[in-house]
Amino acid sequence: MEKKPYYLTTAIAYTSGKPHIGNTYEIVLADAIVRYKRFQGYDVRFQTGTDEHGQKIETKADEMKISPKQFVDGVSTEIKRIWDLMNTSYDKFIRTTDEDHEAQVQKIFKKLYDKGDIYKGFYEGMYCTPCESFFTSSQLVDGKCPDCGRECQPAKEEAYFLKLSKYQDRLMKHIEEHPEFIQPESRKNEMVNNFLKPGLQDLCVSRSSFKWGVPVDFDSDHVIYVWVDALSNYITGLGYDTDGDSDAMFEKYWPADLHLIGKDILRFHTIYWPIILMALDIPLPKQIFGHPWLLQNDGKMSKSKGNVIYADDLVERFGVDAVRYFVLHEMPFENDGVITWELMVERMNSDLANTLGNLVNRTISMSNKYFGGVVENKGVTDVMDADLRQVAETAAAKVTEKMDKLRVADAITEIFSLFKRCNKYIDETEPWVLAKDEAKKDRLATVLYNLIEGIRIGACLLESFMPETAEKILAQINAEKCGLEELSSFGKYVSGTKVVEKPEILFARLDLEEVMKEVSAKQAEAVSDKEGGEESPGIDIDPKEEITFDDFMKMQFQVGEIIACEEVKKSKKLLCSQVRIGSEVRQIVSGIKKYYSPEDMVGKKVMVLVNLKPAKLAGVLSEGMLLCAEDENGGLALMTPDKDMPAGAEIC
């Protein structure tokens with residue numbers, strides 16, 4: 001019987017720099033999904049890649065005095081290296097600088113222009129360079145980019161526009177008729193209520209202020225804007241041809257079964273992309289899933305915060321499958337997940353070394369000790385066997401149910417429930433006690449057979465999530481991989497099979513203190529390398545909108561002297577300082593508890609923004625702001641005068 005096709009894509013990674021573990025989560029999640037689809041018998045096509053055009057790339061390349069192509073070649077290679085390191089089984093790694101992709105993007109743009117869905121005009125509004133996005137003033141949040149929170153710059157330039165409004169009603173109807181189209185449900189509600197219902201404005205789809213992009217072939221002053229270029233990869237990677245001469249692969253796999261993307265780019269994929277497809281008369285993808293973020297303790301990972309964790313650093317310490325397990329298991333379906341070194345060590349020790357590793361090791365060791373490694377089902381059963389059998393026989397159905405709903409973390413939990421049940425079975429049957437009674441030898445053999453069979457079923461199910469570990473387990477018990485349909489009945493492990501003589505330690509327990517010392521030493525070394533380099537660069541931050549001298553004169557800066565300070569109750573970050581400014585004492589709350597104790601603060605002369613509107617932080621009134629400098633690792637230092645100045649002195 002011919003296999004049913006299944007096409008999954010990730011978002012293509014932007015080539016602005018090395019991906020951190022939060023970026024890497026998506027490719028691992030996608031890989032787990034497609035591996036399980038193959039396990040279910042689907043003919044899978046899995047595509048990922050890199051997004052390589054845009055103003056940000058052009059600027060970075062210029063700063064490094066290399067061509068944009070040289071820059072993206074290096075970053076794309078690094079991204080592909082990380083994807084390969086994580087043992088991801090993609091079929092196609094597309095780059096938006098691929099010649100065949102660029103040629104089709106030009107054709108797509110021209111077709112939409114000829115059709116009247118793209119027209120020429122000019123754009124005047126606010127532009128966010130990091131997000132490569134234009135916004136109207138009403139779309140800004142507190143005057144900043146609604147997506148990343150950074151400053152936007154006013155921009156006006158000639159541009160081509162896509163008629164989003166023309167397709168708005170049709171898209172709304174599609175979403176209503178296909179409730180599974182945008183997942184999770186909360187993301188769908190966000191798109192409908194925040195963007196579609198208020199009404200769509202036509203989308204800027206070209207730029208004329210920079211050159212690093214796919215040229216508009218009929219207008220040399222313009223390059224095709226990043227979203228038409230990047231989004232089109234999902235069809236160009238299948239051999240789509242605008243002239244009607246598409247590859248057979250496109251006919252086979254399109255429409256995509258799943259676009260797997262981060263929640264921050266949901267608007268582009270659920271509004272702009274469907275409308276582009278409608279304009280091209282191409283069917284829409286079946287489902288778009290906006291997954292949550294993997295965060296550090298103190299929020300979204302960013303190099304400026306100094307809280308970035310990279311996949312290769314984690315792999316070096318824990319191994320590929322341990323990292324895969326962690327990012328998949330710790331990420332909820334809808335809410336953001338958290339990653340820390342401490343939590344990684346905890347999961348390594350409890351779930352991987354103890355629940356799984358120890359189970360496999362001691363079961364094989366007992367088989368060798370009591371039966372020379374030969375595992376036989378002697379058929380001597382007991383009432384306590386029934387529950388283990390039931391958990392093992394229903395595991396595959398439970399995992400499949402979760403995976404069909406993209407609840408990957410829950411699917412892994414079901415597999416580890418089987419491993420936990422096997423551990424409980426050991427405690428219930430006490431093989432070491434049975435071994436003391438020769439009359440119970442056949443019962444002991446049956447118990448060990450049941451354990452090996454439970455481990456076999458669990459390992460087969462685990463392959464999609466931890467492929468190397470599953471392979472090692474099956475090799476140690478001399479079992480073959482099998483299809484999903486074979487896991488619903490207990491007892492398929494061939495009786496009389498011999499396990500390996502010396503079981504391999506799958507996961508070794510780690511000492512948290514030692515790991516944290518190594519992490520701290522590495523971070524200190526990295527900082528030292530930066531500071532000690534012959535060409536140690538300063539820190540670049542995103543520029544804010546220019547202000548006039550009159551704007552500056554509205555701000556009142558004075559020297560303040562801290563005369564008292566205490567911690568803010570129920571807050572991990574805040575200190576409350578009493579600051580003398582001239583003859584007045586102000587109460588100022590600052591998020592600097594990590595860097596200064598209350599005792600450190602008292603007596604300091606500091607720089608104060610005096611005329612900041614009072615606000616409550618954690619329920620405590622703050623009447624100004626203490627100014628700090630922030631390094632690239634997120635460290636803060638109070639700004640203080642380098643000579644003794646009286647409290648109240650004006651800073652100008």
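Buried residues, meaning those under 20% relative accessible area with a 1.4 Å probe and protein chains only, make up 52% of the 652 residues in the protein. This is a predicted model, in which local features need pLDDT of at least 70 and side-chain atom pairs count only at pLDDT 80 or more, while totals for chains, interfaces and linings use all residues. Residues are numbered from 1 along each chain as its sequence is written, and side-chain values use heavy atoms, with hydrogens and water left out.

The protein holds 21 helices and 28 strands, these being DSSP runs numbered from the N terminus, with helices (H or I) of at least four residues and strands (E) of at least two. Its C-alpha atoms fill a box of roughly 95 × 70 × 50 Å along the principal axes.

Helix 1 (residues 21-39) is mostly covered, with 17 of its 19 residues buried. Because a helix is expected to span 1.5 Å times one less than its number of residues, helix 1 should reach 27 Å, and the 26 Å between its end C-alpha atoms agrees with this. After helix 1 comes Gly41, whose phi is positive, near 105 degrees.

Strand 14 (residues 288-291) points Ile288 and Gly290 one way and Phe289 and His291 the other, and all are buried. Strands count as paired if DSSP finds at least two bridges between them; strand 14 pairs in the parallel sense with strand 8 (residues 182-183) over two bridges, where Gln183 has Phe289 as its bridge partner. Strand 14 also pairs in the parallel sense with strand 13 (residues 258-262), over four bridges, and here Leu260 stands opposite Phe289.

Note on methods: Buried means under 20% relative accessible area, exposed over 50%, partly exposed in between (1.4 Å probe, protein chains only).
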